[in-house]
Amino acid sequence: MKAACELKSDCIRWSPAPDAVLLEKYDARVPRYTSYPTAPHFHAGIGEGDYRNWLAAIDRDKPISLYLHIPFCKQLCWYCGCNTQVTNRSSALSDYVDALLGEMALVRHAIGHAARVSSIHFGGGTPNALSPRDLERILVALRRQFSIDAACEIAAEIDPRVLEGEWVDVAVANGLNRASLGVQDLDPRVQAAINRIQPFALTERAVERLRKAGVDSINLDLMYGLPHQTTETIARTIADVLPLRADRFALFGYAHVPWMKPAQKLIADASLPDAAERFTQQSVAAALIVEAGYVQIGLDHFASREDQLAVSSGDGRLHRNFQGYTTDEAEALVGLGASSIGRLDGGYIQNATRIPEWRDALAEGRLPVARGIAVSDDDRMRRTIIETLMCSFRVDLGEIAARFGLREGAFDTEIQNLRAFVDDGLVVLRDGRVSVTERGRPFVRSVCAVFDRYLDRSAGRHSRSI
């Protein structure tokens with residue numbers, strides 16, 4: 001089995017295979033830990049009244065982040081786990097924007113002041129499926145309802161296949177300064193198997209358009225574990241995209257959960273790589289990106305050494321939220337749009353997933369909350385541990401215990417449960433300090449799961465850790 005490689009000119013060299021015993025033991029179904037508690041534990045007992053109280057408690061002296069969900073695509077990619085739907089009717093998107101503007105006004109009223117905003121993220125779906133006019137309506141309304149910092153990061157997820165020049169011009173004129181482009185894999189067979197035909201020229205043209213318009217930061221999303229994907233295809237993809245000089249890369253493992261995402265049933269199980277091959281693909285891709293001069297950030301992000309993500313990682317100021325690793329230090333994240341999730345001091349909320357239900361609530365003047373979870377001090381403490389491990393691969397349990405006023409020995413059970421990781425060389429334990437070794441980094445989600453009091457390993461809700 002091929003495991004890790006270096007790309008030298010046209011030559012690929014391979015290193016030994018991953019440890020099959022470790023993969024069998026630790027490649028468990030665990031959360032991605034972009035939140036804690038994680039979304040499967042949200043419940044309908046949290047409603048609009050809770051959300052209004054949490055919004056009203058936002059500190060006017062601290063900035064917030066905004067996430068806007070655009071749940072529309074021009075075509076369905078079969079691998080996708082996002083909440084989205086296919087439409088080519090411009091009226092459907094315009095109607096959605098009308099409701100989104102109404103939600104902004106309701107949230108602004110519930111907060112009680114024009115909250116400072118330090119980060120805005122457009123996710124999807126495909127935000128660039130919006131018409132330039134509808135995009136501008138949203139960006140103008142955001143400035144009307146909130147106080148947007150001059151240095152605010154405004155980012156959008158972009159599908160290069162449907163990116164138009166006018167959309168870019170309007171976005172940049174209204175502050176877009178970071179873009180994340182989906183690439184996944186450039187191999188034609190892989191693209192056919194996931195229903196996403198995207199020749200390299202489309203990605204190259206999209207990057208050129210964005211840079212020429214003045215977008216400061218470009219991220220490219222890559223994936224491993226896709227149907228018919230091999231270590232060779234992902235190595236070739238990386239060799240092709242490196243000359244684009246992206247500022248960041250994200251490398252995600254495909255999560256095959258057809259019981260949750262029906263479109264994934266169109267992907268044959270037999271076409272998927274096994275655990276060892278997935279491990280190989282991840283290792284190869286990471287090695288090639290690092291060899292090209294990028295710094296690995298946490299589990300699955302990479303950044304140029306000058307990029308703020310790398311700087312924040314080196315300074316210990318890296319964070320993790322629903323968009324992955326981030327430099328965003330805002331304590332409150334307000335979600336707008338159908339299915340969007342918000343994080344506030346009191347807890348997490350999620351909007352109604354189905355657009356009609358979301359829109360009906362707004363038409364009645366209600367915040368469209370469908371579910372959520374209130375967080376306890378224990379949740380905040382464990383969230384701190386998990387986020388710290390995910391970002392820096394080490395945590396001082398003694399320091400955490402002191403910060404949260406816990407007794408000595410508060411983590412005795414977790415430390416005992418880490419012994420197997422220690423015995424296998426994945427974790428080092430010393431005086432209450434947990435350090436994930438280089439060998440253990442691919443399994444950091446499984447290490448984090450030791451501190452997760454909610455995790456039901458039998459539920460089948462999560463993807464494999466590799």
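Trainee: In this predicted model, at what angle do helix 5 and helix 7 pack, and how far apart are their axes?

Mentor: Two packed helices are described by the angle between their axes and the distance between the axes. For helix 5 (residues 165–173) and helix 7 (residues 200–213), the packing angle is about 35°, and the axes are 10 Å apart.

Trainee: Is the crossing of helix 5 and helix 7 left-handed or right-handed, and which residues of helix 7 make the contact?

Mentor: Helix 5 passes helix 7 in a right-handed crossing. On the side of helix 5 the contact is made by Gly 165, Val 168, Asp 169 and Val 172. By class, the contact has four nonpolar, one polar and two charged residues. The residues that helix 7 brings to it are Arg 209, Leu 210 and Ala 213.

Trainee: Which residues have the most contacts inside the largest nonpolar core?

Mentor: In soluble globular proteins, nonpolar side chains tend to be buried together. The largest nonpolar core here has 84 residues, and helix 3 (residues 90–111) gives the most to this core, with eleven residues. Those with the most contacts inside it are Phe 122 and Ile 138.

Trainee: Leaving aside neighbours within four places in sequence, which residues is Phe 122 in contact with?

Mentor: With those neighbours left aside, the contacts of Phe 122 include Leu 68, Ile 70 and Pro 127.

Trainee: Are Asp 159 and Arg 196 buried or exposed?

Mentor: The pair links distant parts of the chain, 37 residues apart, with Asp 159 in the loop between strand 7 (147–158) and helix 5, and Arg 196 in the loop between helix 6 (188–193) and helix 7. The relative accessible area of Asp 159 is 7%, which puts Asp 159 under the 20% cut-off. Arg 196 likewise has a relative accessible area of 7%, so the word for Asp 159 and for Arg 196 is buried.

Trainee: How far apart are the closest N and O atoms of Arg 380 and Asp 377?

Mentor: An α-helix has 3.6 residues a turn, so residues three or four places apart point the same way. Arg 380 and Asp 377 both lie in helix 12 (residues 377–392), three residues apart, about one turn of the helix. Asp 377 is exposed, with a relative accessible area of 56%. The closest N and O atoms of this salt bridge are 3.2 Å apart.

Trainee: Which peptide bond is cis with omega near -5°, and which is cis with omega of about 10°?

Mentor: The bond with omega near -5° runs from Tyr 36 to Pro 37, and Pro 37 lies in the loop between helix 1 (20–26) and helix 2 (48–56). Gly 125 is found in the loop between strand 6 (116–124) and helix 4 (132–145). The cis bond with omega of about 10° joins Gly 124 and Gly 125.

Trainee: What phi does Tyr 33 have, and what is the phi of Phe 393?

Mentor: Tyr 33, in the loop between helix 1 and helix 2, is buried because its relative accessible area is 4%, and its phi is positive, about 55°, although Tyr 33 is not a glycine. Phe 393 lies in the loop between helix 12 and strand 19 (394–396) and counts as buried at 4% relative accessibility. The phi of Phe 393, also positive in a residue other than glycine, is near 65°.

Methods: Residues are numbered from 1 along each chain as its sequence is written. This is a predicted model: local features need pLDDT of at least 70, side-chain atom pairs count only at pLDDT 80 or more; totals for chains, interfaces and linings use all residues. Side-chain values use heavy atoms; hydrogens and water are left out. Axes are lines fitted to C-alpha atoms, for helices over the stretch in contact, and angles run from 0 to 180 degrees between N-to-C directions. Helices (H or I, at least four residues) and strands (E, at least two) are DSSP runs, numbered from the N terminus. A crossing is left-handed if the near helix is turned anticlockwise from the far one by less than a right angle, and right-handed if clockwise. Contact means heavy atoms within 4.5 Å. Ala, Val, Leu, Ile, Met, Phe, Trp, Tyr, Cys and Pro count as nonpolar, Asp, Glu, Lys and Arg as charged, and the others, Gly among them, as polar. A nonpolar core is a set of buried Ala, Val, Leu, Ile, Met, Phe, Trp, Tyr and Cys residues joined through side-chain atoms within 4.5 Å. Buried means under 20% relative accessible area, exposed over 50%, partly exposed in between (1.4 Å probe, protein chains only). A salt bridge is a side-chain nitrogen of Lys or Arg within 4 Å of a carboxyl oxygen of Asp or Glu.
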